Amino acid sequence: MSSIKPKVEIRLSADGSTTLYRPDLDEHYHSVHGAIQESMHVFIQAGLQRIECQNINILEVGFGTGLNAFLTLLNKKEGQINYHAIEKYPISNQIVETINYPQQFNLQNGNDLFRALHQAPWGKEVLITDDFTLRKLEIDLLNFASEIRYHLVYFDAFAPEKQPELWTDQVFETIFKHMQTGGILTTYCAKGAVRRSMLAAGFKVERLPGPPGKRQMIRAIKES
Ligand SMILES: C[S@@+](CC[C@H](N)C(=O)[O-])C[C@H]1O[C@@H](n2cnc3c(N)ncnc32)[C@H](O)[C@@H]1O
């Protein structure tokens, strides 16, 4: 798909979990204060744990290291999860091997689950466990379209200063259109301009306390 893959480097964040660094953007994939800590706070606690229905369609913007998919798998309740993840620049197997997320949990099958997420072929719906299917889409968010309506969106693009084209009114309008009524979008970003774009797209927007190292984050709801 994308011909030139940007270089990424492995780094350790303050909670002991790894993250990746993009030298060309001077940007990390996660908070340097703790990758797992941030994903748990922003996407699992403020997102997944707020969804009340049993069978959940999730859309992730930026599959990256697979951390959010992995934490969703580990924290899901009863019911089916249908997880779709968009990624423009999939990471190499060599980099996947250096990521330490499975080792952060005392689980017998953690390694197998994490590998299964990465080994799942792109563009195909894959059964990871009996109640978790994954479809990874190697596309640019700007070209995203789907028949599915999502209950939960993990908006995990690089920061608006680095990728302003992914945080526009138009992008949030597209995402809004792809969500169920009552659906939730969460992101680590709390910028005023992002909040205004979400409001313009039709979301109700709340600012919540952010993870360690970050004052605030955003949760947006499609009320009608
Ligand atoms: C902040 S990182 C987060 C990645 C992931 N959620 C994780 O936990 O590792 C942003 C991700 O968005 C991807 N990305 C960048 N531009 C994109 C685009 N235009 N469309 C889709 N994904 C993009 C990056 O390659 C990267 O994997």
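In the predicted model, three strands, in the order S1-S2-S3, form an open sheet with antiparallel pairing. Strands are DSSP runs of E with at least two residues, helices are runs of H or I with at least four residues, and both are numbered from the N terminus; two strands pair if DSSP finds at least two bridges between them. Strand S1 (9–12) and strand S3 (27–28) are the edge strands, each pairing on one side only. S1 is joined to strand S2 (residues 18–22) by 4 bridges, and the two run antiparallel. Within this pairing, Ile10 stands opposite Leu20, and Arg11 stands opposite Thr19. The hairpin of S1 and S2 has 5 residues between the strands, among them Gly16, with a positive phi near 95 degrees.

The antiparallel pairing of S2 with S3 comprises 2 bridges, with Tyr21 placed opposite His28. The corresponding hairpin has 4 residues between the strands. Asp26 lies in the loop between S2 and S3 and takes a positive phi near 55 degrees, although the residue is not glycine. A residue is classed as buried if 20 or more other C-beta atoms lie within 10 Å of its own, as exposed if 12 or fewer do, and as partly exposed in between, with C-beta atoms placed from the backbone. Asp26 is exposed because 8 other C-beta atoms lie within 10 Å.

The model is predicted, so local features require pLDDT of at least 70 and side-chain atom pairs count only at pLDDT 80 or more, whereas totals for chains, interfaces and linings use all residues. Residues are numbered from 1 along each chain as its sequence is written.

Contact denotes two C-beta atoms, placed from the backbone, that lie within 7 Å. When residues up to four places away in sequence are not counted, Ile95 touches Val8, Ile10 and Leu20. The C-alpha atoms of Ile95 and Val8 are separated by 8.2 Å, with the two residues 87 residues apart along the chain. Ile95 is partly exposed because 16 C-beta neighbours lie inside 10 Å.

The largest nonpolar core contains 52 residues, of which Ile58, Ala69, Phe70 and Val153 touch the most other members. Such a core is a set of buried Ala, Val, Leu, Ile, Met, Phe, Trp, Tyr and Cys residues joined through C-beta atoms within 7 Å. Helix H1 (residues 35–45) gives the most to this core, namely 6 residues. Apart from its neighbours within four places in sequence, Ala69 is in contact with Glu60, Phe63, Tyr83, Ala85, Leu117 and Leu134.

The ligand is surrounded by 19 residues, the closest being Gly62, Gly64, Thr65, Leu141 and Asp156; the criterion is a C-beta atom, placed from the backbone, within 6 Å of the molecule. This shell divides into 9 nonpolar, 6 polar and 4 charged residues, where Ala, Val, Leu, Ile, Met, Phe, Trp, Tyr, Cys and Pro count as nonpolar, Asp, Glu, Lys and Arg as charged, and the others, Gly among them, as polar.

Leu166 lies in the loop between S8 and H5. Leaving aside neighbours within four places in sequence, Leu166 is in contact with Leu141, Ala157 and Val171. The C-alpha atoms of Leu166 and Asp140 are separated by 9.6 Å, at 26 residues apart along the chain. Leu166 counts as partly exposed because 19 C-beta neighbours lie inside 10 Å.

In helix H5 (residues 169–177), the buried residues are Val171, Phe172 and Ile175. Seen down the axis of H5, these fall within an arc of 95 degrees, so they line one face of the helix; the arc is that of the directions from the helix axis to the C-beta atoms. The cover over these buried residues includes strand S8 (150–155), strand S9 (179–187) and helix H6 (192–201).

In H6, Val194, Ser197, Met198 and Ala201 are buried. Seen down the axis of H6, they fall within an arc of 100 degrees and therefore line one face of the helix. These buried residues pack against H5, S10 and S11. Gly202 follows H6 and has a positive phi, near 115 degrees.

Strand S10 (residues 204–209) and strand S11 (residues 216–221) are paired in the antiparallel sense over 6 bridges, with Pro209 opposite Gln216. The two strands form a hairpin with 6 residues between them, and Gly213 in the turn has a positive phi of about 95 degrees.
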